There are 2 protein chains.
Amino acid sequence: MKVLVLGGDGFCGWPTSLHLSDIGHDVIVVDNLSRRAIDLELEVESLTPIRPMGERVAVWKELTGKEIGFVNLDLAKEYDRFEQLLRTERPDAIVHFGEQRAAPYSMRSSAAKRYTVDNNVSGTHNVLAAVVATGLDIALVHLGTMGVYGYGWSGSAPIPEGYLTVKVPTPDGDLEREILHPANPGSVYHMTKTLDQLLFAFYAKNDKLRITDLHQGIVWGTQTPQTALDERLINRFDYDGDYGTVLNRFLMQAAIGHPLTVHGTGGQTRAFIHIRDTVRCIQIALENPPVAGEQVKVFNQVTETYRVRNLANLISSLTGVEVANLPNPRQEAAENDLNVEREQFVKLGLNPTLLSDGLLEESRDVAQKYRDRADTSKIIARSTWRQGMETSPDLVTK
Amino acid sequence: MKVLVLGGDGFCGWPTSLHLSDIGHDVIVVDNLSRRAIDLELEVESLTPIRPMGERVAVWKELTGKEIGFVNLDLAKEYDRFEQLLRTERPDAIVHFGEQRAAPYSMRSSAAKRYTVDNNVSGTHNVLAAVVATGLDIALVHLGTMGVYGYGWSGSAPIPEGYLTVKVPTPDGDLEREILHPANPGSVYHMTKTLDQLLFAFYAKNDKLRITDLHQGIVWGTQTPQTALDERLINRFDYDGDYGTVLNRFLMQAAIGHPLTVHGTGGQTRAFIHIRDTVRCIQIALENPPVAGEQVKVFNQVTETYRVRNLANLISSLTGVEVANLPNPRQEAAENDLNVEREQFVKLGLNPTLLSDGLLEESRDVAQKYRDRADTSKIIARSTWRQGMETSPDLVTK
């Protein structure tokens, strides 16, 4: 099938584009390179030496003979070009990663909050409006986040895959109703994904669009079989305080001998998924779209849950690097349990990659290989959820 | 207190600004005149001859000695000017009417859908981000809509004021939880108000902003004691298929001898409020803000519910004008009951203005007086919820 990958230059988007191309789909990446532009703004770079999109797709063609298209386009600001692209390309499906995706970045300033909301909401709504305007039957797969649910909301009940069955008291007795799980986002970034859910619900109802929303956990790992084919195809590895995700950060910190940065108590339990499973989940979602008129299909795209301090202790015991307990720049619960339903992907064939599978080493090796590219002044998380919250100074100065 | 009225040039905003000024508040209207610009786009005018803002505030000062400020500013596009305005004026409160407010307009084209989402979401989020950035303690009162709830969702249970108590089944038995009432918007416009709710919930939680969200019914009537003081202060009266609201449209149609336009079965039950009560409700909300750290305070701002065909039959029996049953351009339930909790405002002193109070005549008189300004080609509702839905031709041609 023909698939547009919106945000196909990013950490999840690039390996997904390669995977979909590898299994025979006709892939076109749509990306305005905003993620690279934010690296410039933050004065940081991927630990891995990622190549320009032109080189990436040229190398992919050289190695495999497969073509990946690339359109440099801002979804939030270039609606007319996007609608025209749909009319010209007539894709069967769209995979939508094209949103600002870092919670800390979304909280660092008024400008970053506004950029995150304006970019994510307008971009996503433009995609929906364009699909309706063209009248094309295009299935949409969108990357949400586990963060839409909040943490620990419903006691011992596991977080369901999107929809929650509740009883509503009425004068005639309790009514059972299935509702979208109540939203409890922890940052402006997470909030935008809760807004997206309402956009999707409306367009699925009013226009019968076929939409799948994937509530993904924290992604770890770096390479997929395709990105590992050639160094010029290498995936991003973010380690900075805004864009780096917790497990990859620990692996990188261990590789350079930096104390493992636990912000807050480390009692936060979060859901995780390896990048290799991300790309498989996208494939499965594309192969199992809802039918027109059905409600939005929601999957929890996670394979394991871990408490942050347990991850830190695990990496510490494997590497001998100490754990540093730092002030938490976020406003979040100090401790939470997390029990997540995640049966759907397994039933559809996902064979999860677990921490215990030894893939920790793969990421550590990547981090080792490129350790000299690290800037230790970018490691501490300092984007605070409110003005005036305490942050840590640098722990290591070169 | 000093109050900024965002959207203070509009149908609800202008009488609210006059009312708040009249009772002694220091009022500054912030408006980009977008409502007047949309009239130009739709090639329609208010039935009443509204005057420019400069003249409006000059007449108010001439008659009462009270000054109302006016700042022409686009909330969605001029964030920096808005933040600076807050720093300069240091208001105690903001009343936020500054959103595109017509469901049919929000559905008429891809461009209108996108304008409604971009304008409403970015504008509202800019207000929140600016309040946080300034660190000022400003209470925010926002106009929501009864349409956030959808219609007929919970059987015989009345629609609560914002929050619904539900039971969540867990392995340890049912947990009782108070949740924001699930959203079920019927148009892109209504959807934006459901997005606003999530913005408010997040900023109330993370930044302890003090926010009140008023879920208003369909407003009818034209004048308040202040707008009636002088013809140059007159309020808008919209009668066109996009912006006109059902009861005022019936009154205007009766005044010009046009059949009363019931789109669909007329079995839709909706909530209503007179414009005189709108301004009183805003005053009450301003006088009863939440405290910092409290959740968003939600009121249902409605006084009566009526079924559309019953309203049409009532006006028909009073005036002898026939009822015309026309195709429905909306996708909505043909028939619904509506039972709405609305005790809070009454407890705080609202004495509702009811249809039976004879105020129907006031609006009919306004419609009679300006009947020659009507353009009968603008009466039929033709903004369809999906492409290809049937609409009616004009019933009367001049």
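View 1. Helices (H or I, at least four residues) and strands (E, at least two) are DSSP runs, numbered from the N terminus. Axes are lines fitted to C-alpha atoms, for helices over the stretch in contact, and angles run from 0 to 180 degrees between N-to-C directions. What you see is a predicted model, in which local features need pLDDT of at least 70, side-chain atom pairs count only at pLDDT 80 or more, and totals for chains, interfaces and linings use all residues. Residues are numbered from 1 along each chain as its sequence is written, while chains are lettered from A and ligands numbered from 1 in the order in which they are written.

**View 2. Three strands of chain A form an open sheet.** Follow the order β9-β11-β13, and you will find mixed pairing; two strands pair if DSSP finds at least two bridges between them. β9 (218-220) and β13 (304-307) of chain A are the edge strands, each with a single partner strand, so one side of each has no neighbour in the sheet. From one strand to the next, the twist averages 45°. Strand β11 (residues 269-274) of chain A joins β13(A) through four bridges, in the antiparallel sense. Look here for Phe272(A), which stands opposite Glu304(A) in β13(A).

**View 3. Helices α8 and α10 of chain A pass each other in a right-handed crossing.** A crossing is left-handed if the near helix is turned anticlockwise from the far one by less than a right angle, and right-handed if clockwise. The two axes come within 10 Å and cross at roughly 25°. α8(A) and α10(A) are therefore roughly parallel to each other; angles under 35 degrees count as roughly parallel, over 145 as roughly antiparallel, 65 to 115 as roughly perpendicular and the rest as oblique. On the α8(A) side, Val246(A), Leu247(A), Phe250(A), Leu251(A) and Ala254(A) meet Val308(A), Leu311(A), Ala312(A), Ile315(A) and Thr319(A) of α10(A). Two residues are in contact if their C-beta atoms, placed from the backbone, lie within 7 Å. By class, this contact has nine nonpolar residues, one polar and no charged. Ala, Val, Leu, Ile, Met, Phe, Trp, Tyr, Cys and Pro count as nonpolar, Asp, Glu, Lys and Arg as charged, and the others, Gly among them, as polar.

**View 4. Helix α8 of chain A also meets helix α12.** The axes of α8 (residues 246-256) and α12 (residues 359-369) of chain A come within 8 Å, crossing at roughly 50°. These two helices are therefore oblique to each other, and the crossing is right-handed. From α8(A) come Asn248(A), Leu251(A), Met252(A), Ala254(A) and Ala255(A), and from α12(A) come Leu360(A), Ser363(A), Arg364(A), Ala367(A) and Gln368(A). Six of the contact residues are nonpolar, three polar and one charged.

**View 5. Seven parallel strands make an open sheet in chain A.** Trace them in the order β3-β2-β1-β4-β5-β8-β12. At the edges are β3 (68-72) and β12 (297-301) of chain A, which each pair on one side only. Neighbouring strands are turned by 20° against each other on average, direction ignored. Within the sheet, β1 (residues 2-6) and β2 (residues 26-31) of chain A run parallel and are joined by five bridges. One place to look is Lys2(A), which stands opposite Asp26(A) in β2(A).

**View 6. A hairpin in chain B is built from β6 and β7.** Six bridges pair β6(B) with β7(B) in the antiparallel sense, and Tyr163(B) stands opposite Leu180(B) in β7(B). Six residues lie between the strands, and in this hairpin Gly173(B) takes a positive phi near 100°.
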